[in-house]
Amino acid sequence: MDENSGTMIIDGKIINLDKLSMEELIEIEKKLDDKEKQIREEIDKLLEIKEED
Amino acid sequence: MSGLDYNTLSYDEVVEEMRKLMVVAREKEKQQENPSKVTAEEKISTADSKFYDEDSTDEEKKSEFDALKNIHGAYLDEEDFTDEEKNGEFEKYSEDELNGSGPVDMSAIREMARILNGDRFKGEKSKEEVVKDEINRAKSLKEKRKELHALQRDKAKIMARRVWLNLRAGLSATGKTIGDKVKGYARDYESRDIEIEKFNAAMKLIDEKAQEYYDSIQVEINLLQYSEQNQTMRISGYVNAKNKEIQEHEGREKEVKERIMDAWRSGDGKAFEQVYTEVSKELKEHNEAINSYKKIIKKEAVKLKQIRENVKIREAELKEELQKYQESNNEILARLEGKRDTELARIQKQNIFKKMIGKVFSKIFSSKSRKNEEKDLQEKQNIIQEYLAKVEKAITESENQIEAREQQYDRDFWADDEEVEEEPTWTDRFEESRQEIIEKSEENSKKRAEAKVLREETKQENRRIRMEKRAERRRLKVERQNRKEDERIAKLQEELDRLQSRKSYRVQVAEGR
């Protein structure tokens, strides 16, 4: 009754989600949140330039 | 405004004027935000006020006008002003217009400034470059969005994993609780089984001991009775023998008396004396013997009476002892039966629990609708919780029933001892119950094995469906993104064409002028 989540690449490293603990998952999620925020800011900036034009 | 007609101005003049106006507008905004600062507008206003001061001389007016002209910029040529205006006669303008804060349509100015102030018209970049920049920006936007989607996908995966771990932890905790409970009940069941066996053995032992005791008392009573009988027989035999002897003596006495009488009748004095002496001696001996026999008989009779009394007393004692022993025995048996009944009730309760657990597991494992793993798990958890609640309720009810039964049993026990002795055969009921438990346990094991196989199959099937769906979604997404990009490029191309046509039109217009 187990579910395999597989692997993903974070910061250039291959990570197997099935081998991570809850704490490690939360930590990675935080990192991704920060990264997402950064990307969203960059997108907003690009869109802002467009609006100004 | 200052009465300028934008239609008569050249392109560069309009641009310049708009820039100036923008400067003024920005300065005004800044002034509103921070009034202490002296803005360009303030300078203009000061110059204007000096310009049309009625007390000023023409020279002064001229010099102020020049100053004003310098502030407003090069676009203010002398020919743009009438003679009256040059002389400071601005009556036909409103105060606001003269102060530069009149009905200036800022949004229109901003819109125009936006158009005119754009980088593409500064001559720094060509339209092709602008379009190229646009395309690059669109590309980087696309890249960023792609990156964002990938990141969101990763986040979703992590979140899904977290949810899964949480659910699994929750489920395994619940499962463990159930397992522990089942194990606990199984242990209880085994220990109670053993206890019941012990009760049975104890009851059997008590029965045997009681029988043994009863037998031994009976034997003693029998022995006493036998002894009494024997003694009676012996004494009566003895008495009979002695009586016979007495009768014989009496016969002989009669015979002797007749001999004396014969001797007396014969008249022989010597013979008579001899006979009389012999007979007297013999009679004396006989009388002594008879008296002795009578004494012995009397003594024996007293002895026999004593023995009979002793036997009666002992018999009564033994009967009393036996009765007490039987009472005590009955009490112990009743207690043991009470305990046994309690244990049986608990076993029944465990049966209910096992049945419920079996239902829970069969319900969990036979569930075929696995559209969503998380939802499914949640449902299972709910089912387990629900059944646990039911089990708890059933246990409470069962315990109440047991308590009620125990109380009833106590009342019955103290009310009527015979009724307790007439309880139904519990051994059979216990055996039946145990057999039923074993059968159900086997049945549950079988069902569990079937459920496991079914679960494994379902899991494989679900995994395959999920993989297919994922692949399909990925394909559709790529298609959608490609389509969007094509549309975007087409739009940009269209924009490029439009700008090129505008450029050529402007060039034509400029050349025409």
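## Terms and basis

Buried stands for a relative accessible area under 20%, exposed for over 50%, and partly exposed for values in between, with a 1.4 Å probe and protein chains only. By this cut-off Arg474(B), at 52% relative accessibility, counts as exposed.

The model is predicted: local features need pLDDT of at least 70, side-chain atom pairs count only at pLDDT 80 or more, and totals for chains, interfaces and linings use all residues. Residues are numbered from 1 along each chain as its sequence is written, chains are lettered from A and ligands numbered from 1 in the order in which they are written, and side-chain values use heavy atoms, without hydrogens and water.

## Positive patch

Arg474(B) lies in helix 11 of chain B; helices are DSSP runs of H or I with at least four residues, numbered from the N terminus. Together with Arg153(B), Lys469(B), Arg470(B) and Arg473(B), Arg474(B) forms a positive surface patch. Patch residues have over 30% relative accessible area and no salt bridge, with like charges joined within 9 Å. A salt bridge is a side-chain nitrogen of Lys or Arg within 4 Å of a carboxyl oxygen of Asp or Glu. Helix 11 (residues 426-512) gives the most to the positive patch, with four residues.

Glu212(B) is found in helix 7 of chain B and is exposed, at 52% relative accessibility. A negative surface patch consists of Glu212(B), Asp207(B), Glu208(B) and Asp215(B).

Tyr238(B) also belongs to helix 7 (residues 127-266). Tyr238(B) is partly exposed because its relative accessible area is 29%. Its C-alpha atom is 9.4 Å from that of Ile296(B), 58 residues apart along the chain.

Key
Helix = DSSP H or I, 4+ residues; strand = E, 2+ residues; numbered from the N terminus. Patch = residues over 30% accessible without salt bridge, like charges linked within 9 Å, V, L, I, M, F, W, Y side chains within 5 Å. Areas by Shrake-Rupley, 256 points an atom, 1.4 Å probe, with all protein chains shown as cover. Lys, Arg positive; Asp, Glu negative; His and termini not counted. Charge placed at Lys NZ, Arg CZ, Asp CG, Glu CD.
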